[in-house]
Amino acid sequence: GIELSNLEVFVHQIRTHIETGTGIVIDYPATRADAELCFIARFGEKVAEHTSRPHARRLRDLDPQTLVTVGADFARGIANAGSPPQWSGPVVLTGTAVHDFLNLNLQPLSWHCSARTIYEKMSRYAKGKPAWGEKPLAGDALTILSDPLVPFGPDSRVESDAQPTRRLSLLKDGCYDEVIGGLRYYHYLGLLAEGAAPSGMPGNTVIPAGQHRTPALFEPGRSVVIRSFSDFHVDPTSGNFACEIRLGEVREDCMAKPFKGGLLIGNWFDALADLRLSSQTTAEDGYYGPSAIRVGQLKVAD
């Protein structure tokens with residue numbers, strides 16, 4: 001009941017050459033592979049479409065079997081999905097939903113850890129303090145790294161503003177650690193005088209694996225699982241979000257009933273105070289970390 005209606009692959013060769021007035025010369029090649037896969041699922045009168053757009057540095061990292069298997073599963077779930085539940089409590093995020101929730105390009109941490117927003121006093125950054133504020137920690141203490149030096153990582157780069165990039169820790173055991181920025185704002189904040197080297201732009205998102213097997217993240221009885229969002233957007237200043245659910249599941253009595261629509265509502269920083277990470281990991285579009293997470297308190301509303 002599922003067919004691949006469209007498949008396109010684009011491969012780019014990129015050459016970067018930089019010269020500065022101080023005599024710095026940088027010349028390096030790179031590649032990028034982008035794909036677009038469109039699936040159509042038909043089950044009687046139920047018809048659904050799912051499109052995925054993965055990218056990688058090397059063509060070999062776009063595994064066709066995995067892309068087709070996962071994409072077909074999403075299309076099947078969307079075609080058979082019912083209406084969203086009314087729910088307030090623990091929510092498990094898997095698949096692309098984990099990527100969206102924790103990726104530095106989509107969540108608000110990189111904005112608050114930016115040297116510029118810290119200098120302009122718009123950030124809640126406070127070195128050594130928990131990112132969730134004064135609440136007691138009820139889950140795993142999250143560590144998030146920005147790593148532009150992952151071999152063949154989609155968000156890897158050797159330079160930023162003609163300065164060498166480096167790996168840095170934004171959250172260490174749940175507490176603010178280093179900041180993202182170039183030479184200018186590192187100087188403004190006095191970080192250069194402390195011996196810190198500028199980091200450049202954010203790199204790949206790297207999160208160490210947790211200690212929980214994925215099945216242990218699900219609640220006994222009834223669990224709500226989010227597999228993908230239509231568009232995940234978080235307010236960068238407050239951390240509040242209300243994002244449309246593209247595909248989710250209600251798991252009950254060993255049965256999984258897919259649903260679509262509705263909103264997942266919560267606060268990204270509050271979620272860090274009660275977060276559990278799976279020991280299984282995944283690598284997807286610049287995200288290297290747990291393949292599933294459990295947030296202790298979120299809301300699903302239609």
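Strand β6, which spans residues 144-147, is covered on both of its faces, a strand here being a DSSP run of E of at least two residues and a helix a run of H or I of at least four residues, each numbered from the N terminus. Ile144 and Ser146 lie on one side and Leu145 and Asp147 on the other, and all of them are buried, that is, under 20% relative accessible area, where over 50% would be exposed and anything in between partly exposed (1.4 Å probe, protein chains only). In a regular strand the side chains alternate between the two faces of the sheet. The model is a predicted one, in which local features need pLDDT of at least 70 and side-chain atom pairs count only at pLDDT 80 or more, while totals for chains, interfaces and linings use all residues. Residues are numbered from 1 along each chain as its sequence is written, and side-chain values use heavy atoms, with hydrogens and water left out.

The neighbours of β6 can be taken in turn. Strand β9 (residues 168-172) runs antiparallel to β6 and is joined to it by 3 bridges, two strands being paired if DSSP finds at least two bridges between them; within this pairing, isoleucine 144 has leucine 171 as its bridge partner. Strand β11 (residues 204-206) also pairs with β6 in the antiparallel sense over 3 bridges, and here leucine 145 stands opposite valine 206.

These strands belong to an open sheet of 6 strands with mixed pairing, in the order β10-β9-β6-β11-β18-β17. Because β10 (175-176) and β17 (281-284) each have a single partner strand, they stand at the edges, and one side of each is left without a neighbour in the sheet.

Turning to the whole chain, the protein has 6 helices and 19 strands. Its radius of gyration is 21 Å, close to the 19 Å that the globule rule gives for 302 residues, so the protein is as compact as a globular protein of that length; the radius is taken over C-alpha atoms, and the rule is 2.2 Å times the number of residues to the power 0.38. Of the 302 residues, 46% count as buried. Among contacts (heavy atoms within 4.5 Å) between residues at least 6 apart in sequence, 68% join residues at least 24 apart.
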